[in-house]
Amino acid sequence: MLALALLLSLQDSADSHVESATAKLLKNDFAGAIEGFTKALALDPRRPDAWLGRGKARSKTGDVEGALRDLDEAVKIDPKS
């Protein structure tokens, strides 16, 4: 039961980081978005939305190689992403 509670807590936290990072991405705060998506991925590395978001933010900063790695990871997790 404790493990399930911890897992749900981590998921909620990852969700909040993705939401915050997405808002920063929309405001062109690319460094803030990258930081938020990175925090979400540290909590839940199987989130294609976080990989995709970080890839978009990295592409906007000119980090093409980093963006491609992130986008590749998103597709590996969910080919429809």
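**Figure 1. W51 and its neighbours.** W51 touches L41, P45, D70, E73, A74 and I77, leaving aside residues up to four places away in sequence. Contact here means heavy atoms within 4.5 Å. The model is predicted: local features need pLDDT of at least 70, side-chain atom pairs count only at pLDDT 80 or more, and totals for chains, interfaces and linings use all residues. Residues are numbered from 1 along each chain as its sequence is written, and side-chain values use heavy atoms, with hydrogens and water left out. W51 sits in helix 3. Helices (H or I, at least four residues) and strands (E, at least two) are DSSP runs, numbered from the N terminus. The relative accessibility of W51 is 14%, so W51 counts as buried. Buried means under 20% relative accessible area, exposed over 50%, and partly exposed in between (1.4 Å probe, protein chains only). One of the residues touched by W51 is I77. W51 and I77 are 26 residues apart in sequence, and their C-alpha atoms are 9.4 Å apart in space.

**Figure 2. The whole chain.** The protein chain has four helices and zero strands. Along the sequence the pattern reads α-α-α-α. Of its 81 residues, 33% count as buried. Among contacts with a separation of 6 or more, 42% join residues 24 or more positions apart.

**Figure 3. Helix 3 against helix 4.** Two packed helices are described by the angle between their axes and the distance between the axes. Helix 3 (residues 48-60) and helix 4 (residues 64-77) pack at about 160°, with axes 8 Å apart. Axes are lines fitted to C-alpha atoms, for helices over the stretch in contact, and angles run from 0 to 180 degrees between N-to-C directions. Helix 3 and helix 4 are therefore roughly antiparallel. Angles under 35 degrees count as roughly parallel, over 145 as roughly antiparallel, 65 to 115 as roughly perpendicular and the rest as oblique. Helix 3 passes helix 4 in a left-handed crossing. Left-handed means that the near helix is turned anticlockwise from the far one by less than a right angle; clockwise is right-handed. Helix 3 makes the contact with P48, W51, L52, R54, G55, R58 and S59, and helix 4 with G66, A67, R69, D70, L71, E73, A74 and I77. By class, this contact has seven nonpolar, three polar and five charged residues. Ala, Val, Leu, Ile, Met, Phe, Trp, Tyr, Cys and Pro count as nonpolar, Asp, Glu, Lys and Arg as charged, and the others, Gly among them, as polar.

**Figure 4. A salt-bridge network.** R54, R58, D63 and D70 are linked in a network of salt bridges. A salt bridge is a side-chain nitrogen of Lys or Arg within 4 Å of a carboxyl oxygen of Asp or Glu. The whole structure holds seven salt bridges. In one of them, R54 pairs with D70, with the closest N and O atoms 2.8 Å apart. R54 lies in helix 3 and D70 in helix 4, so this pair ties together parts 16 residues apart in sequence. Both R54 and D70 are buried. D70 also bridges to R58, with the closest N and O atoms 3.2 Å apart. D70 lies in helix 4 and R58 in helix 3, so this pair ties together parts twelve residues apart in sequence. R58 is buried, at 16% relative accessible area. The side chain of R58 meets that of D63 in a salt bridge too (3.8 Å, N to O). D63 is partly exposed, at 28%.

**Figure 5. Helix 2 against helix 3.** The axes of helix 2 and helix 3 come within 9 Å and cross at roughly 155°. That makes helix 2 roughly antiparallel to helix 3. The crossing is left-handed. Helix 2 brings F30, A33, I34, F37, T38, A40 and L41, which meet D49, A50, W51, G53, R54, A57, R58 and K60 of helix 3. By class, the contact has nine nonpolar, two polar and four charged residues. K39 is also found in helix 2 (residues 30-43). K39 counts as partly exposed, at 39% relative accessibility.

**Figure 6. N28 in its loop.** N28 is found in the loop between helix 1 (2-26) and helix 2. Most residues other than glycine have a negative phi. N28 is not a glycine, yet its phi is positive, at about 65°. N28 counts as exposed, at 54% relative accessibility.
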